[in-house]
Amino acid sequence: MSTLRILREFAAVRWTRRLRTRRAIERRQARLLRRHLGFLRRRSPYFRDLLETHAFAGLPLMDKSMMMSRFDEINTVGVRRDEALELAIANERSRDFDADLGGNSVGLSSGTSGHRGLFVVSPRERDAWVGAVLARTLPRGRLTGHRIALFLRADNSLYESVGSRAVSFSYFDVYADMDENIRRLADYAPTILVAPPSVLRLIARAADAGRFPIVPQKVYAVAEVLEVADEKRIASSLRQERLHQLYQCTEGFLAHTCAHGVIHLNEDSILVEREQLDDERFTPIITDLRRRAQPIVRYRLGDVLRPRSERCPCGSALAAIERIEGREGDTLLFRGHDGRRVPVFADLVARALLYAEGFDEYRVVQTDASLLEIALDVLDDRTRDSVTREIHGLADRMHSERPEIAFAPYTPDGSVKLRRVARTWRGDADEEL
Ligand SMILES: [Zn+2]
């Protein structure tokens, strides 16, 4: 950990690396990309071979399974997959994340696609990451004396404390007892609170009940899709003008919210190609222009993003995103009247259910070709009717057959990444889409 490196990145992101126009961003990206490809030619056996015959734009897309199968050739620090996996699993079991491989941090990501992912980050990259995250999160005005509370599912040394007089961090384990966590949190009195929406909801409830009287300066939702309804409710209970978001995954620190609460892509260090999913939504294909230990090059994320049409009032030239809507694999597939599958994006389902009444917690899972399992915390007739009506209305608007609905009781599980809308049925999806 080098404080100097962290500060240098902090200052660059926050003050000196001014990117006021699209042109300035594109010039910077082109320069970083040239340098990065040169590095990959020299140091990554996998990319060395590919770059002999491919230009950047023709490189095959990466994904998690490919990253895992070619891990040893892709990374540039000589880390072997099996060795890294073993260490990452041991770290996870002991929940002690100090052990590393040749100075590099390794960790596992569970993700939602079922595969397990592995990441390697060099000390330099970790410092740059910490600097960038702090630059994007610390409020304007006073920079020192902040107390940052982080609720994390799996810790690792990537998030290791940068504890100093300037900023203190406190970690809360989402596997620990939540009442106890909230008591500790209230004692800590964070100025900045960072947690997944499912955890923020529990804290919001504690605030409603008078068990969390603290008003942080900023509250960040991370790691899960932030639904509109949750956003409003959490903001109001925690007395925030707006909730902020960090879009951060194993593949990189991808986006942040500006002072206006609008999500901006971190295009100062990440190149984002857009694969359109419909007229407005796209899934990002990302290239981290600075990450060298484990190159992320034309990596297809599979998240569904909707760009913002108006310019953000903050004036930033970084692309603005209206919403991060979820995983492409969780897009429901209704059967259209013409027999073809109609993609119904998770956000559309969440929005439809805004109009249904009687429940507080829900989860919608497509478990079969024409079957939705809907779990609700309130299961009386009125609530079922209301939900059924909204889902049918949605199907009608999508010109598709109304799915069958099986209701079930909602069971909360704070330790699992919350997806309110999910699809477990894989069926004929791939052929018909
Ligand atoms: Zn903005």
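Zinc site: I looked up the angles at the zinc ion, and the 4 donor atoms subtend 104 to 115 degrees, which makes the arrangement tetrahedral (four donors count as that if all angles lie between 85 and 135 degrees). The ideal for four tetrahedral donors is 109.5 degrees. The donors are Cys258 (SG), His264 (NE2), Cys312 (SG) and Cys314 (SG), at 2.1 to 2.3 Å; N, O and S atoms within 2.8 Å of the metal count as donors, 3.2 Å for Na, K and Ca, and water is not among the atoms, so sites may look incomplete.

Note on the source: this is a predicted model, where local features need pLDDT of at least 70 and side-chain atom pairs pLDDT 80 or more, while totals for chains, interfaces and linings use all residues. Residues are numbered from 1 along each chain as its sequence is written, and side-chain values use heavy atoms, with hydrogens and water left out.

Next, I checked the donor spacing in sequence and got C-x5-H-x47-C-x1-C. Cysteine 258 sits in the loop between strands E8 (252–257) and E9 (263–265), and cysteine 312 in the loop between E13 (303–307) and E14 (320–327), so the pair ties together parts that are 54 residues apart in sequence. Strands here are DSSP runs (E, at least two residues), helices H or I runs of at least four, numbered from the N terminus.

Helix H3: I found Tyr46, Phe47, Leu50 and Leu51 buried in H3 (45–53), that is, under 20% relative accessible area, with exposed over 50% and partly exposed in between (1.4 Å probe, protein chains only). Down the axis, these buried residues fall within an arc of 110 degrees, so they line one face of H3; the arc is taken from directions from the helix axis to the C-beta atoms. Exposed Asp49, Glu52 and Thr53 are on the face turned away.

Methods:
Tetrahedral: all angles 85-135°; square planar, octahedral: opposite > 155°, others 65-115°.
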